[in-house]
Amino acid sequence: MKKIFVVSFLLTIVVLFYINYRTPFVLNIGGPWSVGYGFSNAIPNELDVNKQNIYSPEKLEALSPGTEFLADSFFLHEKDTFYLFFEHKYKNNGKATIALLTSTDGSHYTYKGDVLQEDFHLSYPQVYKHKGEYYMVPESKQANNILLYKAKKFPYQWELFDTLVKNVKLKDPTLYLSDTLNLLVASDDHLSMYLYESDDLTGQWKRRPKPILQGSEARP
C-alpha cells in the first residue's frame with residue numbers, strides 16, 4: 001500500500017511539472033521587465049544579454065520618475081540612427097504609453113520621452129516604413145479596435161490614420177506586407193491566434209473564420 005502511494009505521488013508531481021511547463025501557474029519571482037540587446041553577424045540561436053546591455057527600469061526611472069517597466073521593444077535602423085520604440089508602463093497607472101530610445105551605435109541609448117499617448121493602454125509598438133511613410137500598429141485592445149498610426153513628424157509625432165479592424169479586443173497585432181500578400185495576426189484573451197488578409201494596408205481586412213493557432217502559447 002505504501003509503495004502504491006509513493007508511485008502515485010511521484011506520478012502526480014511529474015504531471016504537475018509538465019502542466020506548469022506548458023501553462024505556468026507557478027512562476028519564478030523576478031523584477032520588472034527591461035529591454036535587452038545584443039549583436040550577431042548571423043541569425044543567432046540566442047543572444048548574449050547581460051547587465052552591460054540592458055536598459056533597466058531603474059535607469060529609466062532616473063530620467064522619467066514613476067516608471068514601472070519597459071517592454072515590447074521594436075526598432076528601426078534608419079541612416080545612422082537606431083530608433084527603439086517600447087511600451088512604457090508607469091506605476092499606479094492602468095495604462096502605458098509608447099516611448100522612444102535612440103542610439104548611433106546600437107549600444108548606447110538616449111531616452112527621448114513618450115511619443116504616443118492615449119486615454120487607453122498602448123503596448124507592442126510595431127513601427128515600420130511602408131512606401132516611404134512611417135506607420136505604427138500598437139496594441140490598442142482597450143480601444144476595442146486595431147488602430148493604425150502615421151508619423152506626422154518621425155519619430156516624435158504620430159496621429160491616428162485608420163482603423164484596420166473594428167470591434168475586436170486582440171493582443172499584439174502583427175503585420176506582414178508585400179506586393180502580393182498582406183497579413184495580420186493577433187491573439188485574443190484566451191491566446192488563440194487569428195489571421196486577417198487584405199489587398200492593401202488600408203483596405204478591408206477579412207478574418208479567417210477559425211483560429212490558426214489555439215492555446216496558451218499562441219502569441220505573435
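**View 1. Leu47 is partly exposed, with a relative accessible area of 45%.** Partly exposed lies between buried, under 20%, and exposed, over 50% (1.4 Å probe, protein chains only). The model is predicted; local features need pLDDT of at least 70, side-chain atom pairs count only at pLDDT 80 or more, and totals for chains, interfaces and linings use all residues. Numbering runs from 1 along each chain as its sequence is written, and side-chain values use heavy atoms, without hydrogens or water. Leu47 sits in the loop between β1 (35–36) and β2 (54–55). Strands are DSSP runs of E, at least two residues, numbered from the N terminus.

**View 2. Leu47, Val49 and Ile54 make a nonpolar surface patch of about 220 Å².** Patch residues have over 30% relative accessible area and no salt bridge, with nonpolar side chains joined within 5 Å.

**View 3. Tyr134 and Phe154 form a stacked aromatic pair.** Their rings are 3.8 Å apart centre to centre, with 15 degrees between the planes. Rings pair if their centres lie within 6.5 Å; planes under 30 degrees apart count as stacked, over 60 as edge-to-face, the rest as tilted. Tyr134 belongs to strand β8 (residues 133–139), and Phe154 to the loop between β9 (145–153) and β10 (157–166), so the pair ties together parts 20 residues apart in sequence. Tyr134 is buried, at 16% relative accessible area.

**View 4. Phe154 and Trp158 form an edge-to-face pair.** The ring centres are 6.1 Å apart and the planes stand at 75 degrees. Trp158 is buried, with a relative accessible area of 10%.

**View 5. One aromatic cluster holds Tyr83, Phe85, Tyr134, Phe154 and Trp158.** The whole structure has 11 aromatic pairs.

Technical notes. Patches are made of residues with over 30% relative accessible area and no salt bridge: like charges are joined within 9 Å, nonpolar side chains (Val, Leu, Ile, Met, Phe, Trp, Tyr) within 5 Å. Accessible areas come from the Shrake-Rupley method with a 1.4 Å probe; for residues, only the protein chains shown count as cover. A salt bridge is a side-chain nitrogen of Lys or Arg within 4 Å of a carboxyl oxygen of Asp or Glu. Helices (H or I, at least four residues) and strands (E, at least two) are DSSP runs, numbered from the N terminus. Rings of Phe, Tyr and Trp (its six-membered ring) pair if their centres lie within 6.5 Å; planes under 30 degrees apart count as stacked, over 60 as edge-to-face and the rest as tilted.
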